[in-house]
Amino acid sequence: MRNLLVQYSGVLSIGAMSVAMILATRAKWLESWLDGLDKSYRLHKWLGIAALVTSVLHWVAANGPKWMVGLGLMERRSRGKPPAGEVDLGAIQTFFNSQRELAETIGEWAFYAAVVLIAIALIKRFPYKFFVTTHTLIAIAYLVLVFHGMVLMRFDAWLQPVGMVTLLLMIGGVVSAVLALTRQIGRSRRVSGTIEAVRTFPAMGVTEIHIQLDDGWKGHDGGQFAFVSFDRREGKHPFTLASAWDPATRKLMIISKGLGDYTDILPKRIKAGDAVTVEGPYGRFTFEDGKRRQVWIGGGIGITPFIARMKELAMTPGTKSIDLIHCVKELEPEALELLEADANAANVNLHVLVDEKDRRLSGDRLREMFPSWKSASFWFCGPAAFGQSVRADLIAHGLATRDFHQELFNMR
């Protein structure tokens, strides 16, 4: 039982880590499978948690007998012959057996390192910059754990389906780890640019940044996002693109709201003329469905993808009936004028709900506002808990699950 627990907890752990490594490559083909990079990152996070749990179980199963021997609860077993039923496959197996002690030692230390690094990724008290810097080191721990798994996995299992699947996952994970360590991930999708203008709305804590891109950007759809680097030392941060793409001008606009240590100080650190790097586009929050009626809900800075889509519709009008609800704590008159202008140009019905004077948006209120709501699709971007609450209410009253789209936009 102990051998089975060690073997299969190890297989589950390295399997989860391998898939997480593959997802970390931000491969374009994965987005279509998982409905966007935001969903891919959510799966990546939960696979990391699964790997953490199974690797701890693996560590306990491997060391438990030693602890019990130390406490005098059981006697040490002689380690001579291989486990019963294991097939001798010659020189390769002999080599693997000769590496067992090394694999056990470095695997244990890699396990400790991985636990610390995964904890840093999950604990949001650690600054984003520190998280990004240390997260890449998981690739090194993973490569060590692959060696650990290759050597210590029961040898005849490699010829069985479980071994073949594990090997394929390891190969994909190793390739992904090498891409991460050599900084190749996303490289083909990076374009240089220059900040053209910076506009601030102090009362709202919002900054509008206009970027002139160099050649190379392949275009984007309204609702997609990109990783933007304003400072090489700080690294890249995700921002939803708030402009439609025009290849003739090659300009982007992003909107940032002060919600953390970096976005709070960003307006003071950037200025017109600064060089930037933009990587993307990513995401599948692109308003593509077969519904003739759509209801958009933008909570706070979550209005951004809808601004981009309205600018697209102003250039190429669509045939859908669209209502946009913007829930916001405070909205400066100038910002409201810009939003109204975009909505009028796109033929979108705008509803602005300011927290202090308007009733909080809920499923009940949505059904009051739109009597034919069951025939519409809903697109939400904003605080996650707010979106989940609205989604749960609408689905409980009969909305099809596929008709509620939510941008998760959570990189940790």
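Tutor: A residue is buried under 20% relative accessible area, exposed over 50% and partly exposed in between, with a 1.4 Å probe and protein chains only. The model is predicted, so local features need pLDDT of at least 70 and side-chain atom pairs count only at pLDDT 80 or more, while totals for chains, interfaces and linings use all residues. Residues are numbered from 1 along each chain as its sequence is written, and side-chain values use heavy atoms, with hydrogens and water left out.

Student: Why is Arg293 called buried?

Tutor: Its relative accessibility is 19%, and the limit is under 20%, so Arg293 counts as buried.

Student: What makes the pair of Arg293 and Asp323 a salt bridge?

Tutor: The term requires a side-chain nitrogen of Lys or Arg within 4 Å of a carboxyl oxygen of Asp or Glu. Here the N to O distance is 3.0 Å, so the pair qualifies. Arg293 lies in strand 7 and Asp323 in strand 8, 30 residues apart; strands (E, at least two residues) and helices (H or I, at least four) are DSSP runs, numbered from the N terminus. Asp323 is buried because its relative accessibility is 5%.

Student: How do you know that Glu279 and Arg26 form a salt bridge?

Tutor: Their closest N and O atoms are 2.8 Å apart, and the limit is within 4 Å, so the pair meets the definition. Glu279 is in strand 6 and Arg26 in the loop between helix 1 and helix 2, so the pair ties together parts 253 residues apart in sequence.

Student: Why does Glu279 count as buried?

Tutor: Its relative accessibility is 1%, so the term applies; Arg26, at 10%, is buried too.
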